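Have the sequence and the model open as you read.

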Amino acid sequence: INAVTAELKAAGGNVYALAINNSGVIRATTVTHEGGRILLKGDSVGSTVENSGTLDAHGESGAGGDVVMTGENVGVMNGGMIDVTGSTSGGTIRIGGGAQGQDPSVPNARATYFAPVAILRADGSLTGGSIILFADQSTRVYGTLSAKGADEGGHIETSGGWIDIASVPVVS
């Protein structure tokens, strides 16, 4: 999928559409190349949203884009890569919720999983971006997170009701 904004949304009420599972490549870039916006959303209770492919919302001549994954259960599986790097500043990645679960624009997940062989990148040449992994009940983070910037590092938050974080490289 190549688009300025890409949104995949599970259809409410359809038991067969309660899961979103991306294993391909989704790219969203704007005309000004300041990054795009990619939304993977599960609307109803019991929805599972997983990504094992590439979500690419990098900014070629400005800020990186925005990637949001929401659902009752959200996972970035092995092989999954989300890239919101920017030529000036990194973008924003929100998986399972917003900052400390308090962002009303991003519904909170019950469980969030980030696999050991997965990558989230929100780097910028000047300023790092923001990465948030949240869940009301359990947040499991095992992959590689990066929000680097030459002038100022970015923000990485892993939070929720119960958190398990493996000792893997975390760069900010």
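A network of salt bridges links R37, D66, R94 and D103; a salt bridge here is a side-chain nitrogen of Lys or Arg within 4 Å of a carboxyl oxygen of Asp or Glu. This is a predicted model, where local features need pLDDT of at least 70, side-chain atom pairs count only at pLDDT 80 or more, and totals for chains, interfaces and linings use all residues. Residues are numbered from 1 along each chain as its sequence is written, and side-chain values use heavy atoms, leaving out hydrogens and water.

The structure holds four salt bridges, including these:

| Pair | N to O distance |
|---|---|
| R37 and D66 | 3.4 Å |
| R110 and E72 | 3.2 Å |
| D103 and R94 | 3.1 Å |

R37 sits in strand 5 and D66 in strand 8, 29 residues apart; strands are DSSP runs of E, at least two residues, numbered from the N terminus. D66 is buried at 14% relative accessibility, while R37 is partly exposed at 36% (buried is under 20% relative accessible area, exposed over 50%, partly exposed in between, with a 1.4 Å probe and protein chains only). R94 is buried too, at 12%, and D103 is partly exposed at 22%.

Beyond its neighbours within four places in sequence, I82 is in contact (heavy atoms within 4.5 Å) with residues including M69, I95 and L120.

Definitions and conventions
Helix = DSSP H or I, 4+ residues; strand = E, 2+ residues; numbered from the N terminus.
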